[in-house]
Every structure is written in structure tokens, then in C-alpha cells.
Amino acid sequence: MTHPTTGRSHSRRAPAFRVFDGLARHRRLVSAALALGVAAGLYGALHLRVDMSFRPTFTGNPTELEKTAAHERVFGQVGFRDLVAIAEVGDAADPRSLQQVTLLGERLRAIPSVIDVRDPLHFPFFDHLGTLHPGGVSGSLAPGASLDSDPARVLIADLLRAPAARRLVVGDGNRNLAVTASIDIPNEDFARRRAAVESFRRVVGGWSKESGIATQVTGYPEVEQAYADEVLASVLHSIALLVAMMLVILFVYFRRWSDVVTCLAGVTLSVPIVLGLMTALGQPFSIVNSQVLTLVLIVGIGQALHHQEEYRRRREAGRDHATANREAFAILAWPSFMTGLATTAGFAALMTADMRAIWSFGISTAVGVVVVYLVNWLTVPQLIQFFYRSSPAEAFVRTPASWTLSIMRSADGLLRRRTRMVACGFLLVTVALAIGGLSGLSIDQKVNEELPAGHPVLSAETTYERDLAGFLGPELSIRPTTEPANSDGQLATNELVA
């Protein structure tokens with residue numbers, strides 16, 4: 001027996017028929033297993049580790065990582081642990097403002113995870129005579145001395161002129177003063193850092209309200225946490241928008257809610273399973289992995305839509321419900337398997353990357369594609385059976401006036417008549433876009449330029465870059481790898497650590 005349109009033997013699809021028949025015979029068992037998988041996925045999703053830190057997106061080169069680790073063992077995570085409060089005092093020489101900012105530093109020292117605080121009055125500097133004041137202005141004044149006294153004002157003036165203090169505790173233009181708190185929490189411990197950032201914000205906010213001095217908060221941990229909130233909100237927004245768009249498109253196309261539910265049910269059930277498997281595999285929900293669910297939804301909806309359409313086409317061709325459902329599953333089984341295999345292999349190939357974030361994205365997406373294909377194979381035939389087992393053949397009569405089918409027929413006719421022209425046109429457009437895109441391509445790894453204009457975190461960093469210490473990303477450090485000079489007077493070599 002051959003297929004009426006392709007001429008292919010049914011024996012080529014015999015394994016798929018047997019799989020369909022087995023699923024149909026054990027429908028209740030399949031449903032129970034699927035429900036159990038979704039429940040387990042929901043449990044795992046509740047324990048999914050959220051890690052929005054930027055560091056996994058940095059280099060995965062073993063040599064660079066080892067040099068960085070060696071540097072951090074000695075010096076700590078320089079640049080990664082500092083939280084900065086920028087106080088807009090208007091006049092950095094005002095004794096009252098300096099005293100208020102020092103009070104903020106004392107409160108920040110009380111935060112359990114803070115190991116060091118740098119504030120203007122305790123910042124070491126050289127005065128105009130070249131004398132070092134290691135304890136800053138406060139350490140050089142007699143106990144109980146007022147900041148309004150003449151000796152204090154001289155020291156404050158020297159502090160404001162000291163090159164070391166400029167852009168570290170005193171902003172350009174003497175309008176801003178900065179207080180920096182270093183936290184003793186590794187960059188990898190994103191959850192504990194979140195608690196430290198919240199404590200820092202709370203202390204700074206309370207101080208700002210009491211003193212009446214406007215403040216901005218920035219620093220590497222602060223930007224990471226703000227980015228985490230933005231990414232989570234963006235992911236939820238994009239998924240909700242995608243689902244809403246698909247609801248509209250599918251309803252306009254099918255004009256039946258049962259068809260819409262059939263197309264979306266599989267991907268909806270796949271989401272908690274994918275998140276649960278990410279937890280089981282130890283993969284975090286990160287800045288890069290936040291796109292896994294969107295890709296799973298897109299791939300899954302496409303597969304379910306093809307299955308649904310194949311069933312409808314067979315009903316339009318006069319098949320009864322049982323035959324159409326069985327044949328739709330069988331005829332799409334092999335193409336769907338190969339498509340899923342190719343898609344999975346493509347994402348799995350990213351696991352060869354030495355960057356941990358890319359590796360994690362590859363395995364998470366590959367697992368997601370496998371899950372959504374399997375869940376669709378289990379759910380779509382059952383939903384078709386549930387919704388259409390009693391539907392008469394008249395409900396599937398093709399409508400010649402359908403505008404969607406008209407567009408498809410027009411596109412198909414153009415491709416058949418002008419195959420070479422369409423292929424060459426597509427090739428020329430692709431080459432032109434590639435040339436134009438490559439010529440204008442730029443690389444920019446600054447971590448927070450994607451934040452919307454006017455976002456408080458972006459405004460705070462703009463102030464930090466303009467008036468104080470500059471971009472708050474990783475720092476470069478040079479240290480000698482040998483003695484400063486050997487017996488022959490040769491200079492030592494140095495290593496650069498990022």
C-alpha cells in the first residue's frame with residue numbers, strides 16, 4: 001500500500017505506526033507519566049539556581065583563568081567586590097557634608113559582609129608639604145577637633161587637591177563624594193551577594209533620607225543585581241508577549257480554540273520539565289540561559305503546528321478521524337525526529353566552547369529541544385483524539401477563500417515557476433546583508449549598556465565614570481613574576497592579570 005500523494009510505502013512508516021498504537025493503548029499511563037514529569041519539573045524549577053553574574057560570560061581560557069585565580073588568592077577579587085555610594089553634596093569642602101558622609105561610612109562598616117570602607121575623611125593622602133597622612137583627615141586631627149577649625153580646613157583643602165583622592169573619593173568639580181565598601185563574598189556566590197547589596201542599598205537609602213543628601217548607588221555587585229532583575233523581567237515579558245502573539249496568530253489561522261490549545265499545550269507542559277532538568281544538571285538560570293525557554297517555545301510551537309496541520313490536511317482529503325490521526329503521527333515522525341536531532345546537535349555543539357556560559361546554554365537548550373519534541377509527541381495526538389474524535393468530516397472542508405491558504409498557494413506557485421530566480425535573489429540579498437553587516441560590526445563588551453535610558457543603575461554608573469573612578473568592570477593588574485632585578489641588572493618580567 002502506498003501513500004496517495006507521495007507514493008511511499010506504508011512499510012517505511014511501520015515503526016511509527018507501532019509507536020502510535022502503543023501510545024494509544026496506554027493513553028492513561030502516558031498521561032500519568034507526563035503529569036508526574038511536570039510535577040517533578042515544577043519541584044525542580046522551584047530550586048533552580050539563579051545566577052545572573054557576569055563572570056561566567058568572561059573568557060574560559062585555562063591559562064588566563066589560572067593567572068586570575070592566582071592573583072585573587074593574593075589580592076582578592078579586585079574590582080568585583082566594591083559597592084559605591086555617590087553623595088551629591090554640592091561642595092566637597094563643606095565640613096558638615098564631610099561629617100555626614102563619614103557617618104555613612106561608619107554605618108556601612110556595620111554590615112556583616114563588609115570588610116573595608118573607604119570614605120573621604122579616612123582616605124590616606126599627601127599634603128602640600130609632601131607629608132603622608134595615613135589615617136586621612138580624621139587621623140591627623142587632635143581628638144575632638146572640629147572640622148571647622150583652621151587646621152582641619154587646611155587638611156581638607158590638601159585632600160581635595162591630592163591626586164590619589166581625586167576620582168576615588170572626590171569627584172571632578174568637587175560636587176560629589178564617594179564612599180566605597182568592599183564585601184567579603186566571592187563573585188560566584190550570587191545569592192549571598194544579593195543580600196549584601198540589599199543591605200547596602202537599605203543603609204544608604206536610610207542615610208540619604210536622614211541627611212537630605214541625594215545619593216546614587218553603583219559598583220560591580222550592584223550592577224549585577226540590577227541586571228538580574230532586568231533580565232528576569234525581560235524574560236517574563238518576552239515570553240508573555242510571545243504566547244500572546246501566538247494565541248492571536250493561531251486563532252486567526254485556525255479559528256478554533258481547540259486547535260490553539262493543541263498547539264500550545266505541549267510547550268506549556270515542557271517549560272517546568274526543562275527548568276527541572278536544568279536544576280538536575282546543575283545549570284543555572286543565567287543571563288545567557290534566560291533565552292532557553294524562548295527558543296524551546298518557538299521550536300515546540302512550530303512542531304506542534306505542523307502536526308496539527310498534517311491531521312487537518314488528511315481530514316480534508318477524506319480520512320476518518322482515527323486514520324488521519326494515526327497517519328499524521330507516522331508521516332511526521334521521521335522528519336520531526338531528524339529535525340529535532342539536527343537542532344539538538346547544533347546546540348550541543350556549543351558545549352565545545354571553553355566559556356562556561358556558552359557551554360551551559362548549549363546543553364540547556366539541547367535538553368529543552370529534546371523535551372519539547374517528546375512532550376509534543378505525547379500530547380498532540382491525545383489532544384487531537386480528545387477534541388476531534390466526534391467531529392464530522394464536514395468540519396474539515398477546505399475553504400478556498402481562506403486568505404492564509406491563498407498566500408501559501410501564491411508563494412508555492414512563485415517558487416515553482418521561478419525557482420532559480422527566487423534562490424538567486426535570496427542568495428544575493430544574503431550576501432549583501434552579510435557584507436553590510438560585517439563592515440559595520442563592532443564589539444562592545446560593556447555589561448550594562450543594554451539598560452534603558454534613565455535607569456537608576458545606568459545613571460549612577462554614568463556619574464561614576466564621568467566624575468569618579470571610571471568604568472566599574474574588571475581591572476588590569478601588573479605584578480612581577482621574578483625579582484625586580486637580577487645580578488646582571490636585567491629587568492624582571494611581568495605578567496598581566498585581568
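**Entry 1: H2 against H12**

I checked the orientation first: H2 and H12 are oblique to each other, because angles under 35 degrees count as roughly parallel, over 145 as roughly antiparallel, 65 to 115 as roughly perpendicular and the rest as oblique. I note that this is a predicted model, where local features need pLDDT of at least 70, side-chain atom pairs count only at pLDDT 80 or more, and totals for chains, interfaces and linings use all residues. Residues are numbered from 1 along each chain as its sequence is written, and side-chain values use heavy atoms, with hydrogens and water left out.

Helix H2 covers residues 27-46 and helix H12 residues 356-388; they pack at about 130 degrees, with axes 11 Å apart. Helices (H or I, at least four residues) and strands (E, at least two) are DSSP runs, numbered from the N terminus. Axes are lines fitted to C-alpha atoms, for helices over the stretch in contact, and angles run from 0 to 180 degrees between N-to-C directions.

I then listed the contacts (heavy atoms within 4.5 Å). From H2, Arg27, Val30, Ser31 and Leu34 meet Val375, Leu378, Thr379, Gln382 and Gln385 of H12. By class, this contact has four nonpolar, four polar and one charged residues. Ala, Val, Leu, Ile, Met, Phe, Trp, Tyr, Cys and Pro count as nonpolar, Asp, Glu, Lys and Arg as charged, and the others, Gly among them, as polar.

**Entry 2: H2 against H9**

I turned to helix H9 (residues 257-280), which packs with H2 at about 55 degrees, axes 7 Å apart. That makes H2 oblique to H9. Leu34, Gly37, Val38, Gly41, Leu42, Gly44 and Ala45 in H2 meet H9 residues Leu269, Pro272, Ile273, Leu275, Gly276 and Thr279. I get eight nonpolar, five polar and no charged residues by class.

**Entry 3: histidine 321**

Is histidine 321 buried or exposed? I find it buried, at 9% relative accessible area. Buried means under 20%, exposed over 50%, partly exposed in between (1.4 Å probe, protein chains only). Histidine 321 lies in helix H11 (residues 321-348). Not counting residues up to four places away in sequence, histidine 321 touches Tyr311, Arg315, Ile384, Gln385, Tyr388 and Arg389.

**Entry 4: asparagine 174**

I looked up asparagine 174 in the loop between helix H6 (150-161) and strand S5 (176-183). Its phi is near 55 degrees, a positive value in a residue other than glycine. Asparagine 174 counts as partly exposed, at 25% relative accessibility.
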